[in-house]
Amino acid sequence: MKFKINWDVGIGIGIVILGIFILILTLGMPKSPLGLGPGDYPRVISYGLIITGIILIIQGLKEEPSSQRIYSLNSLKRVGLLVLLGLLYVYLVHYIGFLYLTPFLMVATMYLFGYKKLLWGIIISILFTLLVNFIFYNIFKVPLPVFSLF
């Protein structure tokens, strides 16, 4: 039996490795006596990454070789551009703030991956940003970056 790794298996392995890396980084973070500590949310995300990576690996191994998807160069360019946007977001969010910057990233991501209804994209991204800010600030008691240019 010949074992061949397809894209889904390779990406799934990468996601599992990323999840384990994040989990290891959060183990040394202090625990909070009340509410969520600084490492709790990234730890939950790392568990989610590990689980989804394992699911992707299993799906990739079950997939028939003839039905494997072939990714185009354009889709890889879009993923690369999304990675660059993510890095730029991480750099700028400390200066511009979560509330002002996140809707732009969401609209750009939606447009990049084919969602062309700009007005609905703006409305969805603003509402989602407000919802995330409300949840983090009021429920998790985690302050998100605020505007700090002045």
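## The largest pocket

In this predicted model, the largest pocket holds about 390 Å³ of space. Its lining is made up of 16 residues, and those nearest the pocket centre are Tyr89, Val90, Phe98, Thr102 and Leu105.

Which elements build this lining? At least two residues each come from α3 (73-96), α4 and α5, and α3 gives the largest share, with 7 residues. By class, the lining has 13 nonpolar and 3 polar residues, and no charged ones.

## The second largest pocket

The second largest pocket has a volume of about 290 Å³. Lining this pocket are Ile22, Tyr41, Pro42, Ile45 and Leu49. Helix α2 (residues 40-62) provides the largest share of the lining, 4 residues. In this pocket the lining divides into 5 nonpolar, no polar and no charged residues. Keep an eye on Tyr41, a lining residue here, as the ring of Tyr41 returns below in a cluster.

## An enclosed space between helices

The structure holds 1 cavity of 30 Å³ or more, and about 40 Å³ of space lies in the largest cavity. Val107, Met110, Tyr111, Tyr115, Lys117, Leu118 and Gly121 line it. Two or more of these residues come from each of α4 (98-112) and α5 (118-139), with α4 giving the largest share, 3 residues. The classes here are 5 nonpolar, 1 polar and 1 charged.

## Aromatic pairs and a ring cluster

The model has 5 aromatic pairs. In one of them, the ring centres of Tyr41 and Phe140 are 6.3 Å apart with planes at 40°, so this pair counts as tilted. Tyr41 belongs to helix α2 and Phe140 to the segment after α5, so the pair links parts of the chain that are distant, 99 residues apart. Tyr41 is partly exposed, at 36% relative accessibility, and Phe140 is also partly exposed, at 26%.

How are the rings of Phe136 and Phe140 arranged? Their centres are 5.3 Å apart and their planes stand at 90°, so the pair is edge-to-face. Phe136 has a relative accessible area of 12%; because buried means under 20%, Phe136 counts as buried. Taken together, ring pairs join Tyr41, Phe136 and Phe140 in a cluster.

Conventions
Residues numbered from 1 in each chain as written. Predicted model: local features only at pLDDT ≥ 70, side-chain atom pairs only at ≥ 80, totals over all residues. Heavy atoms only, no water. 1 Å grid on protein atoms, 1.4 Å probe; cavity = no way out; pocket = protein on both sides within 12 Å on 5 of 7 lines; lining within 4 Å. Points joined across faces, edges and corners; volume = space filled by probe spheres on them. Nonpolar A, V, L, I, M, F, W, Y, C, P; charged D, E, K, R; others polar. Phe/Tyr/Trp six-rings, centres within 6.5 Å; stacked < 30°, edge-to-face > 60°. Buried < 20%, exposed > 50% of the residue type's maximum accessible area, 1.4 Å probe, protein only.
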